Amino acid sequence: MPLRYSQVTPREVYLNRRRFLASAAGLAPLGKSPFSTSEQPTPLKDVTTYNNFYEFGTDKSQPAQLAHTLVTSPWSVRVEGLVAKPRVLDVDEIRKLAPLEERIYRMRCVEGWSMVIPWIGFSLGELIKRVEPLGKARYVAFESFYNSKQMPAARWAGIDFPYVEGLRLDEALNPLTLLCVGLYGDLLPKQNGAPVRLVVPWKYGFKSIKSIARIRFVEKQPPTTWSLSNPREYGFYSNVNPAVDHPRWSQAKERRIGEFFKRDTLPFNGYGGHVSALYSGLDLRKYY
Ligand SMILES: Nc1nc2c(c(=O)[nH]1)N[C@H]1C(S)=C(S)[C@@H](COP(=O)(O)O)O[C@H]1N2
Ligand SMILES: [Mo]
């Protein structure tokens, strides 16, 4: 098997290259995060060519080929609902809200594959505290940008758009929940959800909504795309759980992209130490 760039490049050289790209992209300075895994990141090529982004087709190779039609500038995100200070933020304002960090997270797709990705962003809580949620706000609803002209393949995807997701407010405030503007030292590629997305590493990948246009604070549990389209198979919580099989396949193991043998899937994708307290008293079989 040929060696990959990331495997033959000394770690220092590739970290410097990333720091260079980051400052070129206006992303510097980059702090390092204590939340990062020390596992080997999945090669950039795989991270950017093996994607789920149904707005650009249901085949995992399609987003890399089709997402160039997404117009990411200008871009604004409406932050609204049950907050004292609703705001419309453009991407530059978002990037400057808090110091950017590199966070190397494990990602686990509900389909049974996983990756390790060096994301760039900051905790979503940094944005949340600036809009001052009201006492009645218990959930956060997220909505992706949708435009049928920029996303012509969406009409064959079999799900409704705009793509919507949601978190309980305490999940959204957990420091692991990342508001993400880049990966591998550079701005987010369009197929990975440019210019701003969510990354929720203890939940199945579909909770990590891409290309966000709207963030709304609400009282009741908001609808989510996959539970709307198939409630028998996908619930609101969707915490990674090797003990609860998907109705059509086991979730006990996963294939790390680039590896041959399967690995055991970990409860909460290995992040239980940070998040399991969020679910004490909740039956995770019922609330899947
Ligand atoms: N708007 C939108 N966000 C989305 C999706 C999508 O189809 N549309 N797919 C989800 C799924 S199923 C996964 S596994 C991750 C994949 O993110 P990645 O391509 O950056 O690895 O994005 C999630 N976010
Ligand atoms: Mo996924």
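Reader: How far is a nitrogen atom of ligand 1 from a polar backbone atom of Asn52?

Author: This is a predicted model, in which local features need pLDDT of at least 70 and side-chain atom pairs count only at pLDDT 80 or more, while totals for chains, interfaces and linings use all residues; side-chain values use heavy atoms, with hydrogens and water left out. Residues are numbered from 1 along each chain as its sequence is written, and chains are lettered from A and ligands numbered from 1 in the order in which they are written. A polar contact is a pair of N or O atoms within 3.5 Å; within protein, one must be able to donate a hydrogen and the other to accept it, and residues adjacent in sequence count only if both atoms are side-chain atoms. Between a nitrogen atom of ligand 1 and a polar backbone atom of Asn52 the distance is 3.2 Å.

Reader: Which residue has a side-chain N or O atom 2.6 Å from an oxygen atom of ligand 1?

Author: For the side chain of Asn51, the distance from an N or O atom to an oxygen atom of ligand 1 is 2.8 Å. The value of 2.6 Å belongs to the side chain of Arg197.

Reader: How many charged residues are in the shell around ligand 1?

Author: Ala, Val, Leu, Ile, Met, Phe, Trp, Tyr, Cys and Pro count as nonpolar, Asp, Glu, Lys and Arg as charged, and the others, Gly among them, as polar. The shell has eight nonpolar and six polar residues, and the number of charged ones is three.

Reader: Is Arg103 buried or exposed?

Author: Arg103 is in strand β4, residues 101-108; helices (H or I, at least four residues) and strands (E, at least two) are DSSP runs, numbered from the N terminus. Buried means under 20% relative accessible area, exposed over 50%, and partly exposed in between (1.4 Å probe, protein chains only). Because its relative accessible area is 2%, Arg103 is buried.

Reader: Which side chain is joined to that of Arg103 by a polar contact of 2.7 Å?

Author: The side chain of Arg103 makes a polar contact of 3.3 Å with the side chain of Ser33. The contact of 2.7 Å is with Tyr105.

Reader: Is Glu132 buried or partly exposed?

Author: Glu132 lies in the loop between α6 (124-131) and β6, and its phi is positive, near 55°. Most residues other than glycine have a negative phi. Since the relative accessibility of Glu132 is 36%, this residue counts as partly exposed.

Reader: What is the relative accessible area of Ser238?

Author: Ser238 also has a positive phi, near 50°, and sits in the loop between α8 (225-229) and β12 (253-256). It is buried, because its relative accessible area is 4%.

Reader: Which residue's backbone nitrogen does the side chain of Asn174 reach?

Author: Asn174 is in the loop between α7 (169-173) and β8 (178-183). It counts as buried because its relative accessibility is 10%. At 2.9 Å, its side chain reaches the backbone nitrogen of Leu176.

Reader: What is omega for the cis peptide bond that joins Ala194 and Pro195?

Author: Most peptide bonds are trans. Pro195 lies in the loop between β9 (186-187) and β10 (197-199). For the cis bond from Ala194 to Pro195, omega is about -5°.
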